[in-house]
Amino acid sequence: MKTIATHTLGCKLNFAETSDLVHQFTDAGWKVVDFNDKADLYVINTCTVTAIAEKKCRNAIRQAIAANPKALVAVIGCFAQNATAEIRKIKGVDIVLGNDQKHNLLYYVNRRLSSDSDASQPAIDNNQQPEPKSFHLSFSRTDRTRTFFKVQDGCDYFCTYCAIPFARGRSRSASITETVTMAREIAATGTKEVVLTGVNTGTFGIHHKESFFDLLKALDLVDGIERYRISSIEPNLLTDEIIDFVASSRHFLPHFHIPLQAGSDKVLHLMHRRYDTTFYADLLHKIKKAMPDACIAADIMVGFNGETDEEFAKALAYVDSLPISYLHVFTFSERPNTAVLKMDERIDIHLRRQHSRQMHELSEQKKKNFYRQQTGQVRPVLWESDIKDNMMYGFTDNYIRVRRPYDESLVNTITHHQLKRFFDKEEVFE
Ligand code: SF4
């Protein structure tokens, strides 16, 4: 039996796609092994969002080649899309597939393994990596508790720092009918929680006259799925009707991930983001008014052009004033082909790092405040199957990690749990 090992970098979308590929290979008789073990095929699903992400991709490729020099090594996804020429030159890489073809990996592997294939030939790649246009609905299949469901791909926004539209192409999605059909398939697996993922999820359906809001209403009616989370949505697309719907829905949870990216209007403008600080603050207050215990996470980038000490101080005070539960902090790094490369006011790398530390500290404070406010509450928890030191873990509706003594009968069930005591170091309630 042939063995496959995978390594995924980047976003939840990549994880859903890798999981879907693994499923195709196991259906075809392959066995999954750990990425650190010897395998016949190594698959690295890559990310291009920052220079650090690309460095991690190169390291993973090297690790795979060293683990078994006779194995096939396939590099797929965003970095493979944007740096095909660089990757196909790496000795030991056999297949390079961008985002349009990566779901056909099994076909390319079989082609490479076929008797008339010559192992010394250069890596297969998918013909100059044209802009990705296809759309492939997929969901992760790691455990029965929660799945990442890819409902949208690509982006039309072209924020000035972002290489994702080049790597993943324009916004596209399946129809509501097709998406609901796959949601029913997910429900049939017994999965209780679905995380809706995409590159710019809120643009679902814009090119075929359907809307994200209509998708949410249709998914809410699928029998068997108890919980939905919206993994990330652009502020300008999180409409009042979506907020009201989530607030009154039984299945959509009070948990939002709303990219902010910069805390000053000057920098938001340079980034070509489609809102300003007043709009974003109003949006968060609206959510908290409708759902006072909602968890709100925000992405923020530090060190973008124009973010001087003075602008950063403004950003820090602004973020501090917002009802954000925690932040995902990124340090800006220049990506090839992006519009920012032609812009002035670059920020020194040392200043970027210093601002990153300050923003991380603020995130820690905000997270602690959020947890403190939740102490004593009774919230529904979906219990997972993992067991550690005889304890089991789960998440509340508003995304707080909770643990209790292991009880097998509770796995994949939802019970109400009182949040009695918070353990700082492990960031978990008992
Ligand atoms: S919305 Fe902006 S940051 Fe997000 S993927 Fe699209 S271009 Fe990139």
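Does Glu-86 count as buried, partly exposed or exposed, and what is its relative accessibility? At 34% relative accessibility, Glu-86 counts as partly exposed, where buried means under 20% relative accessible area, exposed over 50% and partly exposed in between, with a 1.4 Å probe and protein chains only. The structure is a predicted model, in which local features need pLDDT of at least 70 and side-chain atom pairs count only at pLDDT 80 or more, while totals for chains, interfaces and linings use all residues. Residues are numbered from 1 along each chain as its sequence is written, and side-chain values use heavy atoms, with hydrogens and water left out.

Glu-86 is placed in helix 4 (residues 84–88); helices (H or I, at least four residues) and strands (E, at least two) are DSSP runs, numbered from the N terminus. With neighbours within four places in sequence left aside, Glu-86 is in contact with Arg-58 and Phe-79, contact meaning heavy atoms within 4.5 Å. Val-49 lies 37 residues from Glu-86 along the chain, and the C-alpha atoms of the two are separated by 17 Å.

The domain assignment divides the chain into domain 1 (3–125), domain 2 (135–253), domain 3 (280–374) and domain 4 (378–429), with bounds that come from an automatic or database domain assignment. Taken over C-alpha atoms, the centres of domain 1 and domain 2 are separated by 26 Å. The contact of these two domains takes 18 residues from domain 1 and 19 residues from domain 2.

The largest nonpolar core has 70 residues, of which Phe-149, Tyr-280 and Ile-287 touch the most other members. Such a core is a set of buried Ala, Val, Leu, Ile, Met, Phe, Trp, Tyr and Cys residues joined through side-chain atoms within 4.5 Å. Helix 7 (residues 176–188) gives the most to this core, with six residues. Because domain 2 and domain 3 both give residues to this core, it lies between them. Tyr-280, not counting residues up to four places away in sequence, touches Pro-235, Ile-258, Pro-259, Leu-260, Tyr-275, Ala-298, Tyr-318, Leu-322 and Ile-324. A second, separate core of 23 residues includes Ala-5, Val-73, Phe-79 and Val-96.

Leu-238 is located in the loop between strand 10 (227–230) and helix 9 (240–248). Leu-238 is buried, with a relative accessible area of 3%. Beyond residues up to four places away in sequence, Leu-238 touches Ile-233, Ile-243, Phe-256, Ile-258, Leu-283 and Ile-287.

Two helix pairs were examined. In general, two packed helices are described by the angle between their axes and the distance between the axes. Axes are lines fitted to C-alpha atoms, for helices over the stretch in contact, and angles run from 0 to 180 degrees between N-to-C directions. The axes of helix 1 (residues 12–27) and helix 5 (residues 105–113) come within 10 Å and cross at roughly 50°. Helix 1 is therefore oblique to helix 5, given that angles under 35 degrees count as roughly parallel, over 145 as roughly antiparallel, 65 to 115 as roughly perpendicular and the rest as oblique. Leu-21, Gln-24 and Phe-25 of helix 1 and Leu-105, Leu-106 and Val-109 of helix 5 make the contact. These residues divide into five nonpolar, one polar and no charged; Ala, Val, Leu, Ile, Met, Phe, Trp, Tyr, Cys and Pro count as nonpolar, Asp, Glu, Lys and Arg as charged, and the others, Gly among them, as polar.

For helix 12 (residues 309–321) and helix 13 (residues 349–374), the axes come within 11 Å and cross at roughly 10°. Helix 12 is therefore roughly parallel to helix 13. Helix 12 contributes Asp-309, Phe-312, Leu-316, Val-319 and Asp-320 to the contact, and helix 13 contributes Leu-351, His-355, Gln-358, Met-359, Leu-362 and Lys-366. The residues of this contact divide into six nonpolar, two polar and three charged.

His-272 has a positive phi of about 60° although it is not a glycine. This residue, His-272, is in the loop between helix 10 (265–271) and helix 11 (277–290), and at 49% relative accessibility it counts as partly exposed.
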